[in-house]
Amino acid sequence: MNDEKTIRLDRMRYTKNTLASGLALLAILFDVFFFISIYESNVGSWYYNILMGASILYNLVFLLAAFLCSEGIKNYKISYAYVMIALGLIQLVRIFIYPVTAHNATVIIQEKAVIVMETPQFIRCMLYLVLSAACLFAGAVVGMSRSKQLSAHLKALGLTA
């Protein structure tokens with residue numbers, strides 16, 4: 001049993017951490033779904049403000065940062081796991097920026113009050129952000145765990161970590 005564990009740890013020196021990397025890529029996919037759901041909405045002029053511009057810029061930065069984390073965590077670099085945790089926390093905070101605000105807002109269109117974001121879209125957007133954050137958190141945990149295991153194994157072999 002101990003030999004199997006040693007072999008598994010030694011294989012990590014030559015293989016990539018594809019699980020943690022894949023979870024980061026999945027987080028990107030959920031963010032893209034959120035992006036599409038928000039930006040396809042066209043309810044009056046409610047979305048046409050500086051917050052929309054900031055949101056678009058943040059989405060671009062998020063996509064780039066999450067992809068960079070995907071590549072870094074794939075190579076067992078633990079520092080990328082911390083970035084993934086930060087990105088996941090920001091994804092959770094984003095729920096209160098657009099989805100909650102838009103769900104509670106109304107605009108007047110042809111003398112009728114219209115809710116900016118209906119409940120089904122609101123739930124969908126929240127779900128996308130929560131799933132994106134969950135993937136980032138899970139990927140960070142897997143990445144940290146495997147990075148520490150590999151580091152300890154390399155140290156035991158007398159190699160630098």
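User: Before we start, which residues and atoms count here?
Analyst: Residues are numbered from 1 along each chain as its sequence is written, and side-chain values use heavy atoms, with hydrogens and water left out. Since the model is predicted, totals for chains, interfaces and linings use all residues, whereas side-chain atom pairs count only at pLDDT 80 or more and local features need pLDDT of at least 70.

User: At what angle do α4 and α6 pack?
Analyst: Helices here are DSSP runs of H or I with at least four residues, numbered from the N terminus. α4 covers residues 79–94 and α6 covers residues 119–157. Axes are lines fitted to C-alpha atoms over the stretch in contact, with angles from 0 to 180 degrees between N-to-C directions. The two axes sit 8 Å apart, and the angle is about 165 degrees.

User: Are α4 and α6 roughly parallel or roughly antiparallel?
Analyst: Angles under 35 degrees count as roughly parallel and those over 145 as roughly antiparallel, with 65 to 115 as roughly perpendicular and the rest as oblique. The α4/α6 angle is about 165 degrees. The pair is therefore roughly antiparallel.

User: How does the contact of α2 with α6 divide by residue type?
Analyst: α2 (residues 18–39) also packs on α6 at about 165 degrees, axes 8 Å apart. The α2/α6 contact residues come out as 17 nonpolar, 5 polar and 3 charged.

User: What is the reach of α2 from its first C-alpha to its last?
Analyst: α2 has 22 residues.

User: Is Asp31 buried or exposed?
Analyst: Asp31 lies in helix α2. Buried means under 20% relative accessible area, exposed over 50%, and partly exposed in between (1.4 Å probe, protein chains only). At a relative accessible area of 1%, Asp31 is buried.

User: Which residues is Asp31 in contact with, leaving aside neighbours within four places in sequence?
Analyst: Contact means heavy atoms within 4.5 Å. With those sequence neighbours left aside, the partners of Asp31 are Asn59, Phe62, Leu63, Gln91, Arg94, Leu129 and Ser132.

Terms used. Helices (H or I, at least four residues) and strands (E, at least two) are DSSP runs, numbered from the N terminus. Ala, Val, Leu, Ile, Met, Phe, Trp, Tyr, Cys and Pro count as nonpolar, Asp, Glu, Lys and Arg as charged, and the others, Gly among them, as polar. The expected span of a helix is 1.5 Å times one less than its number of residues.
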